[in-house]
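Work through the exercises below with the sequence and the model at hand, and try each task before you read its solution.

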Amino acid sequence: MSDRHTSQHFETLAIHAGNTADPLTGAVVPPIYQVSTYKQDGVGGLRGGYEYSRSANPTRTALEENLAALEGGRRGLAFASGLAAEDCLLRTLLGPGDHVVIPNDAYGGTFRLFAKVVARWGVEWSVADTSDPAAVRAALTPKTKVVWVETPSNPLLGITDIAAVAQVARDAGARLVVDNTFATPYLQQPLALGADVVVHSLTKYMGGHSDVVGGALITGDAGLGEELAFHQNAMGAVAGPFDSWLVLRGTKTLSVRMDRHSENAVKVAEMLTRHARVTSVLYPGLPEHPGHEVAAKQMKSFGGMVSFRVEGGEEAAVEVCNRARIFTLGESLGGVESLIEHPGRMTHASVAGSALEVPGDLVRLSVGIENAEDLLEDLQQALG
């Protein structure tokens, strides 16, 4: 992160970090450099270090500088998707025989990557309840190189004490990776709490408009940043110029969007706790949530994701999803529009039969920034 950004507040960083005015025209928005190659000033004479857009592209550079600044890191890297970012990270940090601790509540695609892809390289993994530092410690082995955390987690909204688990990982000589997709850097700063690497699906809140797919890695370790950059270039799953431009546009409004997402989610969660057909509400902003105190300590507010369980089992949960009108039935999350889904049959179908299997009566909401009263009325009619 550039020294000129270190004293600026988040909202200012979101708009200005990486967003240098175009030197040719003065355009205040960085151009989309839709280009594959660059004219060189003689053999090896690169202008600004650019030679080929897999290795570097000015629009992607602007985004990567922005991401590093927002997470308080020294190096940010943008990828074609969140899973592409995770793949690059794992291949950088791990080799055959290494071990990883993964959470018992994680995104289904992340679990699939470990269980169906990484395991084929000879990498071992085990599951722990990361909300309990003692459970993480018990899951460590002499071969553990990475502890992987999602907080809030997907889809059960579990909370992990990042600082406490960072200490557990550090004591074991392992690196702590935190998926910060649900919280975003506006609500939570994992690097400042001891994490080694932050992972994002930029598709979600960072882009914020359901119109781009992307991923990111951010680290405060300059050496690790160089290793990740080498693998990013060698493997090639980079964010394209237009996708980078769309995410860079999205981060400018991240703070105001997250404020509204969080405000609406609190109202939705409180309404659901009072509904006769709802048996459980999973939202860290509720005082009765088991992770509420930790979340209040490490998060600015509690985010826009709410999950709940309904009486009547799986078919009843599916019916609630089908009856929603303003809440769009769809996968993904973090856009300005509200979404509803059935994790067991949709985003988390890949964890069926594993230790990460989610309850059949679970419904997950991505609460958007629409009028809260309209959202409450829609959920009430969907629940019947």
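The model is predicted, so local features need pLDDT of at least 70 and side-chain atom pairs count only at pLDDT 80 or more, while totals for chains, interfaces and linings use all residues. Residues are numbered from 1 along each chain as its sequence is written, and side-chain values use heavy atoms, with hydrogens and water left out.

**Exercise 1.** Find the element that holds Thr219, and decide whether Thr219 is buried or exposed.

Solution. Begin with the element: Thr219 belongs to strand E7, which covers residues 215–219; helices (H or I, at least four residues) and strands (E, at least two) are DSSP runs, numbered from the N terminus. Next comes accessibility, where buried means under 20% relative accessible area, exposed over 50%, and partly exposed in between, with a 1.4 Å probe and protein chains only. Thr219 counts as buried because its relative accessibility is 1%. Then look at the side chain of Thr219, one polar atom of which lies 2.8 Å from the backbone oxygen of Asp196. Finally, leaving aside neighbours within four places in sequence, Thr219 is in contact (heavy atoms within 4.5 Å) with several residues, including Arg74, Leu191, Asp196 and Leu228.

**Exercise 2.** Describe how helices H3 and H8 cross, and sort the residues of their contact by kind.

Solution. The axes of H3 (residues 82–93) and H8 (residues 222–235) come within 9 Å and cross at roughly 120°; axes are lines fitted to C-alpha atoms, for helices over the stretch in contact, and angles run from 0 to 180 degrees between N-to-C directions. Among the residues that make the contact are Asp87 and Leu93 of H3, and Leu228 and Met235 of H8. The residues of this contact divide into six nonpolar, three polar and three charged, where Ala, Val, Leu, Ile, Met, Phe, Trp, Tyr, Cys and Pro count as nonpolar, Asp, Glu, Lys and Arg as charged, and the others, Gly among them, as polar.

Conventions
A polar contact is a pair of N or O atoms within 3.5 Å; within protein, one must be able to donate a hydrogen and the other to accept it, and residues adjacent in sequence count only if both atoms are side-chain atoms.
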